[in-house]
Amino acid sequence: MQLSINPTNPPQQFVDKDGQLQGLNVELAAELGKRLCLPVELVRMDFPAMIPAMNAGRIDGIDTGMFWTEERSKLMYMVPYAIQAISVVVAPDSGIKIATENDLIGKTSAVEVSTYQMNWLKKLSDANVAKGGPAVEMRTFPTATNVVSALLAGQVDNALLVDSVARDLVGRGRVKEVLSGLGTARTTLGFRNKTVVDAIVKALNAMRADGSYQALFDKFGLTGMPADQPLAIAGPGPA
């Protein structure tokens with residue numbers, strides 16, 4: 001089973017000092033492969049290439065903490081397995097004041113291209129322009145690493161990151177978080193084959209039943225799906 005991954009988002013997925021893949025999604029893929037009796041190959045690629053690669057049959061699925069959207073749910077079989085949100089960060093020594101999401105208007109923001117956080121920011125900007133106000137000046141980059149580099153180089157005023165990535169960077173003193181909890185949504189695994197996704201769903205629910213699902217999220221300090229919500233396909237899947 002070949003799954004794409006973008007290892008630039010610790011603690012979800014990252015490369016350690018020895019060049020090895022680590023993180024929640026890496027360990028989740030290994031556990032799913034074990035339960036399905038399938039070897040798993042994690043294929044590293046930037047996020048914009050993932051959906052085209054899967055639709056072309058180059059990979060079987062996407063394992064990178066992809067946010068659920070209605071549009072994406074029509075392109076693949078999406079299985080929500082975690083809850084995440086967007087954080088806004090600035091450089092540690094920044095004096096920029098951002099107290100609410102509306103304070104992003106008129107500023108320059110860095111985001112990873114073709115992501116949920118980019119679309120969220122665009123909707124905020126477009127809504128303000130429709131009211132006759134200024135837009136957000138958005139600069140897009142291929143990876144979260146590039147986003148942070150642009151921020152620390154002073155190329156932008158702020159950056160939008162997945163909250164778990166932001167917390168990791170804050171913990172290492174690299175950025176300062178000024179807003180959190182924006183656009184809270186489900187993050188998903190994505191697959192192109194119904195037989196495969198049905199087996200994945202069964203394995204995920206078995207992990208929840210035996211406690212290994214929650215133990216994995218506790219290990220990395222991330223938020224799993226609420227206990228009263230089943231782990232299942234969300235959306236119609238590909239036509």
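1. Ser164 counts as buried because its relative accessibility is 2%, where buried means under 20% relative accessible area, exposed over 50% and partly exposed in between (1.4 Å probe, protein chains only). Ser164 belongs to helix α6, residues 163-171; helices (H or I, at least four residues) and strands (E, at least two) are DSSP runs, numbered from the N terminus. Apart from neighbours within four places in sequence, Ser164 is in contact with Pro10, Pro11, Gln12, Gln84 and Leu222, contact being heavy atoms within 4.5 Å.

2. On the basis of the note: this is a predicted model, in which local features need pLDDT of at least 70 and side-chain atom pairs count only at pLDDT 80 or more, while totals for chains, interfaces and linings use all residues. Residues are numbered from 1 along each chain as its sequence is written, and side-chain values use heavy atoms, with hydrogens and water left out.

3. The structure holds two cavities of 30 Å³ or more. On a 1 Å grid over the protein atoms alone, a cavity is a set of points where a 1.4 Å probe fits but cannot get out, and a pocket is an open set with protein on both sides within 12 Å along at least five of seven lines; lining residues have an atom within 4 Å of a point. Grid points are joined across faces, edges and corners, and a volume is the space filled by probe spheres set on the points.

4. The second largest cavity contains about 40 Å³ of space. Its lining consists of Gln12, Leu24, Asn25, Tyr81, Ala82, Gln84, Thr187, Phe217 and Leu222. The elements giving two or more residues to this lining are α1 (24-36) and β7 (77-90), and β7 supplies the largest share, three residues. By class, the lining has five nonpolar, four polar and no charged residues; Ala, Val, Leu, Ile, Met, Phe, Trp, Tyr, Cys and Pro count as nonpolar, Asp, Glu, Lys and Arg as charged, and the others, Gly among them, as polar. Gln12, Gln84 and Leu222 of this lining are also among the contacts of Ser164.

5. The largest cavity has a volume of about 160 Å³. Of the 14 residues that line this cavity, Thr64, Gly65, Glu112, Thr115 and Val162 lie nearest its centre. Two or more lining residues come from each of β6 (61-67) and α4, and β6 gives the most, with four residues. The lining comprises five nonpolar, seven polar and two charged residues.

6. Helix α4 spans residues 116-130, and its 15 residues reach 21 Å from the first C-alpha to the last. That length is close to the 21 Å expected at 1.5 Å a residue, the expected span being 1.5 Å times one less than the number of residues. Within α4, Tyr116, Gln117, Met118, Trp120, Leu121, Leu124, Ser125 and Asn128 are buried. Just after the helix, Gly132 takes a positive phi of about 90°.

7. Helix α4 also bears on the largest pocket, to whose lining α4 contributes the largest share, four residues. This pocket has a volume of about 360 Å³. Its lining has 14 residues, with Thr69, Glu71, Arg72, Ser114 and Asn119 nearest the centre. The elements that provide two or more of the lining residues are α2 (50-55), α3 (70-73) and α4. Eight of the lining residues are nonpolar, three polar and three charged.

8. Thr108 is placed in strand β8, residues 108-112. Thr108 counts as buried because its relative accessibility is 10%. Its side chain makes a polar contact with the side chain of Glu137 at 3.3 Å. A polar contact is a pair of N or O atoms within 3.5 Å; within protein, one must be able to donate a hydrogen and the other to accept it, and residues adjacent in sequence count only if both atoms are side-chain atoms. Not counting residues up to four places away in sequence, Thr108 touches Glu137, Arg139, Gln155, Val156, Asp157 and Asn158.

9. Pro7 sits in the loop between β1 (2-5) and β2 (8-9) and is buried, with a relative accessible area of 15%. Beyond its neighbours within four places in sequence, Pro7 is in contact with Gln13, Phe14, Val15, Leu21 and Arg44. From C-alpha to C-alpha, Pro7 and Asp126 are 31 Å apart in space and 119 residues apart in sequence.

10. Asn205 lies in helix α7, residues 194-210. With a relative accessible area of 27%, Asn205 is partly exposed. Asn205 and Pro230 are 25 residues apart along the chain, and their C-alpha atoms are separated by 7.8 Å.
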